[in-house]
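Student: I am new to this structure. Please take a close look at one part of it and walk me through what you find.

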Amino acid sequence: MSTLSPTSAAGPDPAVNVDVTGETRLERITGIAQQQGGLVSLVIVFVAACAFSDGFADWGNFQSILVGNAYTSLLALGMTFVILTGGIDLSVGSMFALGGVLAAWGAGHGGVLVAILLPLVVAALFGLLQGTLIAKARLAPFIVTLAGMLFARGLLQAISAEGTDTYLVPKGSAFLWLGDGTWRPILTAVILFVLGGILLMRTRFGQALFAIGGSENAALLMGLPVARTKVLVYVLSATIAGAAGMLNASRLQSGVTNIGVGYELTAIAAVIIGGTLLTGGAGSILGTAAGVLLLAVIQNLIGVHLSQYGSSASDLANGLFLAVVVLIQTTLTRVRRLP
Amino acid sequence: MALTSKRRTASVVVVAGTALALALTGCSKSADDSGGSSPTGGAAGNSAAAQQVQSTGSSGDSCTYTTYGADKIDLKNVTVGFSQSESTSNPFRATETQSITDEAKAQGIKLIQRNANANVQQQNTDIQDMIAQGAKVLIVAPENSDGLAPAFAQAKAKKIPILTIDRTVNGSACSDFIGFIGSDFAGQAKIAAQDMAKALPDGGNIAILQGTSGNNVAEARTDGFTKEIAASSPNLKVVASQTANFDQATGQKVMEQILQSNPDIKGVYAENDTMALGAIQAIKAAGKTPGKDIQVIGIDGTEDAVKDVAAGVMFSDVETNPRFGPLAFQALTDFYSDKGTPTNIIIADHHFTKDNAQEALDNGDVY
C-alpha cells in the first residue's frame, strides 16, 4: 500500500516539498481527502439536500433510497476487490441478470435450495474461468470480462428464449422470504459490506490485494500467491454479482431478463468515487459504501427536481456530476502521486 | 517513475473509456416503442389526434375506490405521481409524458414525475420515491410486465391506487392496480398482417422484426401477426423472425443478416417504426428499393415513418397513440366517483396508408 512515496523532488509542481519521511503535509491531507473524498462529498450533499430539498429529509424517502440500492450496491462491493488489484470486471451487470433468471427458474423447478445455490455455483464457475484467463493466461481483464459480459448475457438469452420467457417465482415459495420487505434487503447489504470490510482489512487475502495492486512484481518477489489471489478475486466478484441477482429475483418475484444493462459502470463509478484508485493498491470498503450512497442520493435528487424537464436534463446533470467528481478525484490523486 | 506515468496514462484511458461507455449505454437505453428523430410534444395537444376509446371490455368489470379498498380523495387536493418507463428522447415517450403533464396542468392537479430510463430496478425506486414524496395516486407506464412487484406491493399496502398505461403488468385489476389503458396490440398486428396480404397479393416470403422481449407488447404483436397470416394468407410465408429490440441500429443490422440469408424476401413487418426505419436502410444498402422490391409495414405512427408511407417507401403504418393524459385522468376521476372506471380501456388507433398519410402529416396528427 505504501508504494506511493515520491522518488524525487524535481516534479513539475514546485509547490510540493518532499520532507525526509517522504510525505508532505499537503500529501497527507490530500491523501485523507482522497481516501475519504466520497464520504466527505456524501456528507456535504446529504446536509445540503436536507436543508434545501423539500421532502428529502423524510424517513420514507431514506428507506426508498436504501432499499432501492441495497442489491445493486453489492456489485460495487465485489468490484472494489477487483479494482484494488488493478483489474476490472465488466461482467457483473450481466451476471446480476443471469443470477436472477437462474434463481427464478430454480425456485419454480427445484425449490429454495436450487434457487439459492444454482446462481451461486454458476457465477463462481464463471468467475473461475475469467480469473484463470486473466491470472494464468495473462489476458487483459478489460477484454476478458467484456467477453464475459457478452457471454453471460448470451447465456441468459439462450435459457429464456431470447429473453421472452420471464420465469416467475411461485407464489408462496419460501425463496420470497429473502428479499421481502424493506429491512431485510438493507440489512443483507449492510452485513455483506461489513464482512467485505473484514475480509479486506483483517485477512491475508485482503492484504495481498493491496500488495498486488500496489506492485504486482513486488508482491511476487515477496512470495505472495499472486496468480491464486487474482483468480480468487474474480471468483469473489462474480459470486457476489450472482448472489445480488439471486436476492434481487426474490425481491422482484421474477427473473427479469432485460435488467442489469450498464450496472457494471455504475458499480465502477461508485468504487472510484469512494476513493479506490482505478490503478489499484489503495481503497476501502467504507469508501465504496459512501460512493454507492452518494450516487443514490444524487439520483434521488435528480429524480425529484429534474424529471419534469425530461430525460436529457437528468442525463446532463448525471454526467456533469460524475465528471466533476472524477475531476476532483484525479486532481487529488495527481497531487498525491507526484512526480 | 516510469511506472507511475504509465499508470496515470492507463488511468486516464480507463476513465475516458468508462465515460464513453456510460454515454453509449445512455444512448442505447432509448430503445423502445418508437424512436426516430425530433421529439414533437406539440402534437400532444392536437384535438384531432386525441385518444378515442375503442372498447372497455365487458360492462361488469368497473372499478371504484370502494371495491379497490382505497380512501376517497379529490384529485385536485392531492399529488399524483407519474412513472415513465423510458427516455423521452423517444417521440412516443416524449408525447406521452407531455400529454400527462398538460392534462394535469389543465385540470389544476399537482403532478410529480420520474423517468426510469428503461431500468426496472430504477422504476421500483421511482415509484417508492414518489410514495415517500407524498403521491396519493400513481399513473405508471411499466417498463416490464414482471419485476415491479415490490413497488406495487408497497403502494397496495399504503392504499395508493395505480393506473397502468401503454403496457400491462401481471396481476389482478382492481386489486394490484386499478386497470389498464392502451392499444390493442394484437389488433394492431392483425391490421398489419392484412396490409401485408394487400401489399403482396401474389404471396411470397416475409420477415418479422420483433420488439424487446419481456413485455406484453412485443409478444402480442408477434402472435397477432403470425396468427392472422396463418389464418387468411396461406401464400405468405414467414421465413425469418428475429428480435431487434425496438431499436433502429439493431433493426438495420438484423435486416442486413436476414437479407443475406434470404435474398428473396418480399415483405418486412417491423413491430415498431424505429426498426422499420432501420430495415429500410438495410434494404437500400442491399441495392433494393423499399416499397417496390420489398414492402415494409410498421407500427406506431411516428412522424418519420408516416412521411415514408406518404412517399411510398413504406406500405402502411398502424398507430400507437401515446396521448394518454385525458383518458388517464378521466379514468382516475371515474374511479373516485360511484360510477367507477373500466379496468381495461382499449384505445382506437389510426391506420396510416398512402391515401391518408399526407393529410395526417398536414394536420399535425402524427407525433
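Tutor: Contact here means heavy atoms within 4.5 Å. Keep that cut-off in mind. Note too that this is a predicted model.

Our part is Ser83(B). Ser83(B) sits in strand 3 of chain B, which covers residues 79-84. Its relative accessibility is 0%. Buried means under 20%, so Ser83(B) counts as buried.

What surrounds Ser83(B)? Set aside its neighbours within four places in sequence. Ser83(B) is then in contact with Arg114(B), Gln123(B), Asp126(B), Ile127(B) and Met130(B), and also with Ile139(B), Val140(B) and Ala141(B).

Now step back to the two chains. The link between chain A and chain B involves 46 residues of chain A and 39 residues of chain B. Together the chains bury about 3,600 Å², with 54% of that on carbon and sulfur atoms. On the chain A side, Asn258(A), Leu265(A) and Ser311(A) lose the most area to chain B. Those three make up 14% of what that side buries.

Polar contacts join eleven residue pairs between chain A and chain B, counting pairs with both residues at pLDDT 80 or more. The count of salt bridges between the two chains is zero.

Which elements of chain A give two or more residues to the side that touches chain B? They are helix 3 (59-69), helix 9 (204-214), helix 11 (226-252), helix 12 (263-273), helix 13 (285-306) and helix 14 (311-337). The residues on that side divide into 16 nonpolar, 24 polar and six charged.

Key. Residues numbered from 1 in each chain as written. Chains lettered and ligands numbered in written order. Predicted model: local features only at pLDDT ≥ 70, side-chain atom pairs only at ≥ 80, totals over all residues. Heavy atoms only, no water. Buried area = accessible area lost by both parts, 1.4 Å probe. Salt bridge = Lys/Arg side-chain N within 4 Å of Asp/Glu carboxyl O. Polar contact = N/O pair within 3.5 Å; in protein donor to acceptor, adjacent residues only side chain to side chain. Helix = DSSP H or I, 4+ residues; strand = E, 2+ residues; numbered from the N terminus. Nonpolar A, V, L, I, M, F, W, Y, C, P; charged D, E, K, R; others polar. Buried < 20%, exposed > 50% of the residue type's maximum accessible area, 1.4 Å probe, protein only.
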